[in-house]
Amino acid sequence: MDAIILQVLNGLDKGSAYALIALGLTLIFGTLGVVNFAHGALFMLGAFCAVTMQRILSASYTVIDETKTDFLGNPQKVDVPYVEGWFGPDIGTAIVDWSVPLAILFAIPVMLLIGYIMERGLIKHFYKRPHADQILVTFGLAIVLQELIKYFYGANPIPTPAPEVFRGSFDFGLLLGFAENTIIYPYWRMIYFVFSLVIIGAVFGFLQFTTFGMVVRAGMADRETVGLLGINIDRKFTIMFGIAAAVAGLAGVMYTPINSPNYHMGMDFLVLSFVVVVVGGMGSLPGAVLAGFMLGILEAFASMNWIKDIVPGIDQIIIYLVAILILLTRPRGLMGRKGVMEE
Amino acid sequence: MGILEVKDVNKRFGGLQALGDVNLSVAEGSVHAIIGPNGAGKSTLLNCLVGKLIPDTGSVMFAGQSVLGRKPHEINQLGISRVFQTPEIFADLTVMENVLIPCFAKRDGAFRLHAFETVANETEIGEQAEAMLADVNMLEKRDMVAASLSRGDKRRLEMAMSMVQQPKLLLLDEPTAGMARADTNNTIDLLRQIHNKRDITMCIIEHDMHVVFSLAQRITVLAQGTPLVEDTPENIKGHPKVREAYLGEAH
Amino acid sequence: MLGLSKKDTTFLLIVIFLTMATPILLQPFPEGSAMATFNAGYPDLMQRFAIFGIFAIGFNILFGLTGYLSFGHAAFLGVGSYSVVWMYKLLDYNVLPGLVLAIITSGIFALAIGYISLRRTGIYFSILTLAFAQMSFNLAYSVLTPLTNGETGLQVYTDDPQILMGENAPNVPHLFGLVMRDSYQLDLGGWLFTFNIGYYFCAVIAILAFYLSLRIFRSPFGMMLRAIKTNQTRLNYTGLNARPYTLAAFVISGMYAGLAGGLLAAMDPLAGAERMQWTASGEVILMTILGGAGTLMGPVLGAGFIKYFENIFSKINDTMLHGWFGWMPDGIEDAILFVSHFFVGKSWHLTLGLMFMLVVIFLPGGLVEGAQRIGRLFRRRGRKAGGPEAEAARQRNPGPAE
């Protein structure tokens, strides 16, 4: 029992990332009808927003500390972040420490802007082109974005730790009456899960309860009719693209403490996210979220030792296996609508 | 005993009874029209004949064999060809290639791995296709890409593709839909000419009474999924039941 | 000749000539000159041209003709490589049995994967093939280690059986004694030409592969595949079953990929799982599109183009840039160097990505379409005088399919 709970928990954080990326992919697909292979790159860009924020906040100047000496006996040079200089050491250190959560504030406008530029500059011209062309051009864009990041930030993963207070783990086992240390779960992963729920809730709420969202939903169901009503649906869809980019970016920002970001993390997630989208059903938002969590948890279960003993290698292929089975038995995915993307 | 025998066919979509106890017999060598107001179930019936839909109950026999449960390509191999309401052609291929493909399908069946033959060397099939194109007056357009044809030419091409297979039964789904009067008359002439020359049984689903009365030897009137009457054109004209079915319809 | 029309025969002869003369054609600059970096006539790169040419030709039979976009062809590439190395380990270093096995195993793999994946179309098909390829890749890395040697990659060890190994047989890949890595070098007053056995072996196979694809393009089978791409509904109502056709195309293109993978291992006796990763599938898609999907020559051009830039652009470094732009005023030179850094050396992928985007945006028909547009431009210039160019353009791309 405790093992099962642990695996569910372990699956949640990866599932959250899948769900958030798949949500954005589905939004873009559902609204604009574009298959966006650069979506993983947006996730990666979000992560590098966090890295940039960390770099900005820890930008330092050098002072000579008279109280300490190096091994030659000279006064030692110490790097002091500007923020410490401005706000005093306590607040300054705290700000540097909290760079990842602070990066959210930085990432939202940046990602919205990137999404807007991408849509107006490139994607717009591909609405009427075949899906294969859309896949190819966004795939090219993904390569370009990831190479740019590699150029500026290098090829190695960059550690971006969570704030000090969240670095420990929480003992879930005690809470549920199990022995100590049976179910421990890092705080940050918990935060990531909650964060993703909040974002998902916000997106759904936005679509459900605002006029803007209502129009977008109507447009997803039947674009032409909405266009005939005299509503400029394209403008709204542009904004939706920005929002989808921001969702992917935020997923990336918050993911950095779980895995240190590198330039190809987007591609790694992209493939799985597409599998998630297709399993959930192309064009279905709840399907994307459901499939994201489901596959994340399944993956965690498959990596349990006793399961691996029965079916060796299952942890490596479980997601793909499930995807194949679902596509063969339910051609439109778990919650997909009929006829989407079948031509 | 007709070449096509439809017996007691029923088809429901959820709560809607699309076809109810449809019986139909198409005599070999005849031109049989199925008419009826919108929503009468004409298209549903047609889709049941070609394997796109499977009826809930009843039987569809073609030349002594049941077509139910067979896939569209298998039904075509039995000898039923279909012309669509909006022309379905191979838009990226040339006119000649469009006609060659059914010729190969006729000769080789549903699949044959002829990767080491060359299209240009198949003179017999080539001549067959050219003769067909000449019949529909499209020989000079043989090397045009089909997508660049006019709408009328696309339809003629589609008919050529269906006819070149020498089907036993040709199903036409509103062959003159959306056409101008002159084009309609051309199509009627073309169909009549083909019927006389090749002696193909035709089953036409049509809205346009002008077309129906110009071509058909027998007419079935369908209303609300059920055949009302089946008779010769002369008797259908002014038949009280037919008037009733079409009352309010702008025809 | 060979069942080809006169036009196609000329076309094939030109391709054969170009392939055979590659070691000379790709070496236009004298050794030691500033432009020598742009020479591509060295064995390793030329072998890659031929091998990836084969891979792309095969991929084009599926994607170019039927429009089914497979994201899983890398799996067949990997299977081919493993087959060849296993034949080295079990028999001896003769490449022939391995290549035969590579074609057979990849064919069987393709049959199994294709049979299942082709039940779906569109992006669902793409995702299915992707899932199968990623499964193969992940398994090759983990539980299949006894077969694939995991991360290390499969290679020949001294304690391998090699039962056919003769006394004096070469200890490197060879074809009945012709050692693949042997070369004959010709020094012609500053120009250095390398004629490598491995390259010519690959080149001959590539020509055969090209001939085969030419025959398929001109056959009724090829016509059916193009028909599938444009209208499956009509195809069904014409009495044809699309599935066996697409499956046959899938298996044929899988076998091409297996052959290409086998040749990679025939040139360098090593096989690693990374060859099966989806990025490798992505690469062959890039090649095909860049060159022109659905055209005969396009995929080969695309493969050559990408492999050339991969090798040449990634070799360019600061010293060389300085050598080229050193004559400029310092400020301008620095600016040029700064900009160039984005595109050369380790960043050459950026160049690739940009070029690829530009091609998809402005030239959906790929390089071949570009060549055709230029050809048309010339023809329009001098309608009468333009005869030869027009003829050449038509020979490059005979038939309406292109």
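Me: What does H10 of chain C look like in numbers?
Reply: Helix H10(C) covers residues 242–267, which is 26 residues. From first C-alpha to last it reaches 38 Å, close to the 38 Å expected at 1.5 Å a residue. The expected span is 1.5 Å times one less than the number of residues. Helices here are DSSP runs (H or I, at least four residues), numbered from the N terminus.

Me: What kind of model and numbering is this?
Reply: This is a predicted model: local features need pLDDT of at least 70, side-chain atom pairs count only at pLDDT 80 or more, and totals for chains, interfaces and linings use all residues. Residues are numbered from 1 along each chain as its sequence is written, with chains lettered from A and ligands numbered from 1 in the order in which they are written.

Me: Is H10(C) mostly covered or exposed?
Reply: Mostly covered. 23 of its 26 residues are buried. Buried means 20 or more other C-beta atoms within 10 Å of the residue's own, with C-beta atoms placed from the backbone.

Me: Which residues touch the most other members of the largest nonpolar core?
Reply: Val275(A), Ile54(C) and Phe55(C), out of 297 residues in that core. H10(C) gives the most to this core, with 17 residues. A nonpolar core is a set of buried Ala, Val, Leu, Ile, Met, Phe, Trp, Tyr and Cys residues joined through C-beta atoms within 7 Å.

Me: Why does it lie between the two domains of chain B?
Reply: Domain 1 (1–79 + 169–251) and domain 2 (87–166) of chain B both give residues to this core, so it lies between them. The bounds come from an automatic or database domain assignment.

Me: How far apart are those domain centres?
Reply: The C-alpha centres of domain 1 and domain 2 of chain B lie 26 Å apart. Each domain puts ten residues into their contact. H6(B) gives the most on the domain 1 side, with four residues.

Me: Back to Phe55(C). What is it in contact with?
Reply: Leaving aside neighbours within four places in sequence, Phe55(C) contacts Leu77(C), Tyr256(C), Ala257(C), Ala260(C), Val284(C) and Ala303(C). Contact means C-beta atoms, placed from the backbone, within 7 Å.

Me: How many residues make the contact of chain C with chain A?
Reply: 33 residues from chain C and 32 residues from chain A. On the chain C side, H5(C) gives the most, with eleven residues.

Methods
Contact = placed C-beta atoms within 7 Å. Helix = DSSP H or I, 4+ residues; strand = E, 2+ residues; numbered from the N terminus. Buried ≥ 20, exposed ≤ 12 C-beta atoms within 10 Å, placed from the backbone.
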